[in-house]
Amino acid sequence: MNIVLLGMNHRTAPLALREHYAVDDPGPPLAKLVDRDVVAEAVLLSTCNRVEALVWTARPEVARLRLRSFFERELAQGAPPDAGVALGESLYELTGGEAVRHLFRVAASIDSMVLGEPQILGQVKDAYRAAVEAGACGSILTRLYQHAFATAKRVRNETRIAERPVSVARVAAELAAEIFETLEDKAALLVGAGDMIELALETMREAGLSRVRIANRTRARAESLASRFDGTAHGLDELPGLLGTSDVVLTCIGGHAPILAREHVERALRGRPLRPLLVLDLGVPRNVDPSVDELDGVYLHDVDDLGRVAEANAEERRREKILAEAIVLEECQRFDGWLAALAAVPTIRDLRDRAERIRAREVERAAGRLEAAGVPREALDALTRSLVNKLLHAPVARLRAQEDREQGLATLEAARALFALDGDEADEDAAEDGEA
Amino acid sequence: MSADLHALTAAIYLTASVLATLGLALRRAAFSRTAVAVLAAGAVVHAIAFFESPAFALPPRNAGLPGAADLAAWLGTVVFLGLVRRARLHALAVLVAPAAFLGVFVGSFALDPASLAAREQAPAWAHAHVLLASAGFALLGVAGAAGLLYLAQHRSLKRKTRLGQRALLPPLEALDRVNAFTVSVGFLLLSLALVTGVLWTHATTGALWPRSPHANAALVAWAIYAALVGARFLARQGAAWSARSAAAGFAFLVLAVAGVGVWR
């Protein structure tokens with residue numbers, strides 16, 4: 001039995017190709033993939049950055065072919081006729097320990113486009129749940145995925161890989177959290193209505209910002225954005241009035257002259273209660289006069305300030321990646337040990353069966369004499385069972401406790417040879433009778 | 001028994017100080033949160049020590065500085081624990097915990113039998129004065145600590161260093177709110193302490209003003225705080241200047257109340 005993984009991700013396939021293989025509901029395709037002969041268990045992960053199928057199979061070589069066919073026939077949706085060639089070049093195939101390590105890295109967000117991003121773990125959990133609901137996930141993959149979730153948790157707790165924000169919008173939200181206790185009762189003024197403003201607004205909304213006013217040269221564009229974020233739209237001529245009632249000002253608008261001059265902000269500060277004003281200038285060229293930062297109670301940050309922080313945080317995440325990889329390797333070894341122990345089950349069963357056969361035969365032989373001497377049969381049975389159990393306890397425990405797969409397989413082989421578990425039953429018994 | 005509890009309190013406050021310092025140094029919010037929990041445990045042991053000891057029995061019989069410092073340490077810790085429940089202020093423990101330890105340490109000098117006997121004779125106004133002054137001192141101490149952290153955070157934001165390190169220091173807004181609350185209530189208590197001090201002097205000597213360096217320095221400290229409160233609430237002083245004022249005002253208060261008392 002082995003684990004096989006086939007998939008594509010943002011590094012191996014362009015979005016134009018990935019989007020044809022993305023799956024909304026993994027249940028139906030999984031039901032077609034799993035059977036009794038080749039694929040015993042399967043999980044299908046589909047996110048915007050990757051599509052991967054992971055299976056537990058008794059026949060790895062056949063499973064590989066089955067998975068390729070699965071991508072080509074079941075997952076391809078509206079793919080162009082020549083997509084097959086691109087698909088062949090974009091798919092990666094991993095087996096055994098490599099597949100396990102890949103899954104752990106994906107769940108721990110080491111393999112993500114943005115290192116340490118938190119969404120991927122939830123997506124892996126969703127994929128696992130969908131497989132369980134589709135009846136495609138059994139005890140092996142359940143154990144594998146639980147181990148993957150635990151690994152991701154360890155990486156998150158023991159490293160700083162996900163601690164600091166790496167996008168300018170998130171840095172801006174974190175910055176707001178250093179100034180304000182909460183954004184729920186704060187008013188934001190956004191100057192501009194481009195993509196950057198929209199992204200920053202989405203992030204601020206997630207952080208709890210409630211009141212939003214959007215000012216733009218083109219009022220229609222401001223109105224469109226305001227309607228999406230439940231805000232109000234304004235023209236640039238209203239800026240001085242809006243400034244006085246704002247706590248967060250975010251600007252990203254074209255033009256070479258600053259939209260907010262020092263005098264504007266000074267005038268606004270005079271007419272408002274004493275509370276801090278956070279100004280985030282994401283415009284290039286800058287939209288806010290830099291001398292505004294000299295005013296008491298005003299905290300001005302431009303796109304370079306925020307970008308520097310985002311880059312420093314990304315660098316810290318890259319450093320933490322080494323530690324995260326070490327944790328993943330350690331957990332892979334543990335899972336490997338569990339698989340090795342699982343492989344020991346038939347050997348342990350054979351060993352116990354053989355010992356029981358010998359015990360029963362010897363009891364049968366001695367029963368007549370001992371019963372004549374007044375020893376009850378029950379006592380003889382109890383005594384011999386106890387002896388067998390005690391003799392087998394140490395070897396069985398040793399077989400179960402293998403942590404390294406290679407070493408575990410070698411130990412199993414040695415155990416089978418030492419206890420003659422692979423020979424013909426009649427021959428073994430005859431040999432034992434001869435020895436006796 | 002009380003001396004043991006007192007020593008235990010000091011040890012717990014010291015542990016909280018170390019944890020809070022580690023929290024800031026290693027940028028681990030968990031350490032700061034643990035420090036607050038340890039500080040809370042210290043406050044409970046401290047309260048038990050009060051009830052166990054004749055030296056610290058409430059209302060306070062102790063008119064001396066060591067006992068007042070001890071009481072102020074406990075009150076300051078309790079005020080901080082009350083505030084931390086309402087806002088993200090855990091990092092403030094880095095200043096509150098060492099101050100509490102220092103207060104308990106100074107308070108240990110109040111345990112000698114001669115001091116205890118002298119305090120039994122103190123009039124009722126003395127008890128009220130010590131209680132109010134200790135509470136005012138504690139609140140203004142928290143205000144000073146909040147002011148210092150405000151300045152650290154303000155400086156970091158203005159210099160654009162260490163940005164985006166959420167939970168390392170409390171948000172400016174929370175620190176300013178703590179500052180406004182503790183300065184206003186602390187000033188009120190300090191004013192009442194001054195009035196009860198005058199009544200105590202009048203009850204024992206018949207004079208209206210003791211003319212001691214301690215009393216004169218305390219009056220100057222009160223006047224400074226009156227100016228600070230006026231600037232803050234009447235003249236719309238900015239938050240950064242209020243923080244500077246709170247930190248400087250408390251430094252002067254320590255000098256006035258403790259320094260003059262020690263070096264006279």
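Which residues are buried in α3(A)? In this predicted model, the buried residues of α3(A) are A63(A), R66(A), L67(A), F70(A), F71(A) and L75(A). The helix spans residues 60–75 of chain A and carries a kink of about 25 degrees, centred on S69(A). V62(A) also has its place in helix α3 of chain A. With 14 other C-beta atoms within 10 Å, V62(A) is partly exposed, since the count for a buried residue has to reach 20 or more. Between V62(A) and V39(A) there are 23 residues of sequence separation, and their C-alpha atoms are 9.1 Å apart in space.

Chain A contains 16 helices and 10 strands, whereas chain B comes to 9 helices and 0 strands. Along the sequence of chain B the pattern is accordingly written α-α-α-α-α-α-α-α-α. Of the 436 residues in chain A, 39% count as buried; for the 264 residues of chain B the figure is 48%. In chain A, 71% of the contacts between residues at least 6 apart join residues at least 24 apart. In chain B, residues 24 or more positions apart supply 83% of the contacts with a separation of 6 or more.

The strands of chain A include an open sheet of 4 strands, ordered β2-β3-β1-β4, with antiparallel pairing. At its edges stand β2 (39–46) and β4 (92–95) of chain A; each has a single partner strand, so one side of each is left without a neighbour in the sheet. Direction ignored, neighbouring strands here are turned against each other by 15 degrees on average. Within this sheet, β1(A), residues 2–9, runs antiparallel to β4(A) and is joined to that strand by 4 bridges. L5(A) has L94(A) in β4(A) as its bridge partner. Helix α5(A), residues 96–107, packs on the sheet and touches β1, β3 (50–57) and β4 of chain A. The direction of α5(A) makes about 50 degrees with that of β1(A).

A further open sheet of chain A has 6 strands in the order β7-β6-β5-β8-β9-β10, and here the pairing is parallel. The edge positions belong to β7 (232–235) and β10 of chain A, each with a single partner strand, so one side of each is left without a neighbour in the sheet. From one strand to the next, the twist averages 20 degrees. Opposite L189(A) stands V249(A) in β8(A). Helix α9(A), residues 195–206, packs on the sheet by touching β5, β6 (211–216) and β8 of chain A, and its direction makes about 165 degrees with that of β5(A).

Two helices of chain A, α8(A) and α13(A), form a contact whose axes come within 9 Å and cross at roughly 100 degrees. That angle makes α8(A) roughly perpendicular to α13(A). On the α8(A) side the contact is made by V168(A), V171(A) and A172(A), and on the α13(A) side by V303(A), L306(A), G307(A), V309(A) and A310(A). Sorted by class, this contact has 7 nonpolar, 1 polar and no charged residues.

The contact between the chains takes 19 residues from chain A and 16 residues from chain B. On the side of chain A that touches chain B, the elements giving two or more residues are α8 (168–179), β10 (298–302) and α13 (303–372). Of these, α8(A) gives the most, with 6 residues. The residues on this side of chain A divide into 10 nonpolar, 3 polar and 6 charged.

Definitions and conventions: Residues are numbered from 1 along each chain as its sequence is written. Chains are lettered from A and ligands numbered from 1 in the order in which they are written. This is a predicted model: local features need pLDDT of at least 70, side-chain atom pairs count only at pLDDT 80 or more; totals for chains, interfaces and linings use all residues. Two residues are in contact if their C-beta atoms, placed from the backbone, lie within 7 Å. Ala, Val, Leu, Ile, Met, Phe, Trp, Tyr, Cys and Pro count as nonpolar, Asp, Glu, Lys and Arg as charged, and the others, Gly among them, as polar. Two strands pair if DSSP finds at least two bridges between them. Axes are lines fitted to C-alpha atoms, for helices over the stretch in contact, and angles run from 0 to 180 degrees between N-to-C directions. A residue is buried if 20 or more other C-beta atoms lie within 10 Å of its own, exposed if 12 or fewer, and partly exposed in between; C-beta atoms are placed from the backbone. Angles under 35 degrees count as roughly parallel, over 145 as roughly antiparallel, 65 to 115 as roughly perpendicular and the rest as oblique. The bend at a residue is the angle between axes fitted to the seven residues ending there and the seven starting there.
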